[in-house]
2 protein chains.
Amino acid sequence: MLEREMHFMEMTIALARQGMDEGMGGPFGAIVVKGDEIIGQSCNKVTSTNDPTAHAEVLAIREACRKIGSFQLSGCEIYTSCEPCPMCLGAIYWARPDRVYYASTREDAAAICFDDSLIYDEIMKPPASRRIPMQQIGHAAAWKVFEAWRNKEDKISY
Amino acid sequence: MLEREMHFMEMTIALARQGMDEGMGGPFGAIVVKGDEIIGQSCNKVTSTNDPTAHAEVLAIREACRKIGSFQLSGCEIYTSCEPCPMCLGAIYWARPDRVYYASTREDAAAICFDDSLIYDEIMKPPASRRIPMQQIGHAAAWKVFEAWRNKEDKISY
């Protein structure tokens, strides 16, 4: 039962360990599978590339999209060694794969001092109540651009 | 009042309009400011680069981090023409700037058919109840990697 999926998850966890051992970043890995082919894979590379967005899922999604020449991953599965943080969960929703498999949880991540759980809590607060202060300015001017988008005839929606 | 901040926001909104007019992607822009210097800026480039993670905030954060050679944006402000989606909000928390200014809201984005508001709703659901099915497998093996991280002496935390 779930033998195929466990095979891909074991590879994902091995990626996480390898990335950690090689000093690429945190102990996380992700793989994108289409049919039975791996079309994207990465470990976390935040600290080795000075890129706070270089989580395993984001990098694996970007590689898979480059490979198939599309910004959509319909028909794909994503394997990740840990429950996606809000950034990666957002990236997954924008990429729209069919299914996600994860191993560790946000609570496990918190137990080894990663902020995933804190960010989940912050996201549910109104912008003005968050730890990083968020203030709205310039609303009227910004809305004019949205109206122009709504009326644009040659736009590519996503 | 807020004259300096409105100046940067006007530039951010101009970036959003320019990116839309040039067919780069959706009508969004973002700028990272340190002191009074712009150290990162981008419009949305999802459809022109086939990268679902190429939101304005993510690209501006990545550029700013490359420029200063750090995965942290302490001492910086981020201006974004729209309330960050969960992916970008997560990216902001990982980058840890001092403050965020936004113009349009997630409801405005929903009104022109972007999924921001839907993703906010999905994030608050338990993984198994989401529109994109999310299933936990391989927990024990993944936890061993987290334990190894906890015991690793030469790690760089983030």
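This report covers aromatic contacts and one set of paired strands in a predicted model.

## Basis

Local features need pLDDT of at least 70 and side-chain atom pairs count only at pLDDT 80 or more, while totals for chains, interfaces and linings use all residues. Residues are numbered from 1 along each chain as its sequence is written, chains are lettered from A and ligands numbered from 1 in the order in which they are written, and side-chain values use heavy atoms, with hydrogens and water left out.

## Aromatic rings

Over all chains, 18 aromatic pairs are found. Rings of Phe, Tyr and Trp (its six-membered ring) pair if their centres lie within 6.5 Å; planes under 30 degrees apart count as stacked, over 60 as edge-to-face and the rest as tilted. Ring pairs link A:F28, A:F114, B:F71, B:W94, B:W143, B:F146, B:W149 and B:Y158 into a cluster.

In chain A, the charged end of A:R106 sits over the ring of A:Y120, 3.6 Å from its centre (NZ of Lys or CZ of Arg within 6 Å of the ring centre and within 35 degrees of the ring normal). In chain B, B:R106 has its charged end over the ring of B:Y120, 3.6 Å from the centre.

## Strand β1 of chain B

Strands are DSSP runs (E, at least two residues), numbered from the N terminus. Two strands pair if DSSP finds at least two bridges between them. Six bridges join β1(B) to strand β2 (residues 37-43) of chain B, and the two run antiparallel. B:G29 has B:C43 as its bridge partner in β2(B). Five bridges join β1(B) to β3(B), also antiparallel, and B:I31 has B:Y79 as its bridge partner there.

Conventions
Helix = DSSP H or I, 4+ residues; strand = E, 2+ residues; numbered from the N terminus.
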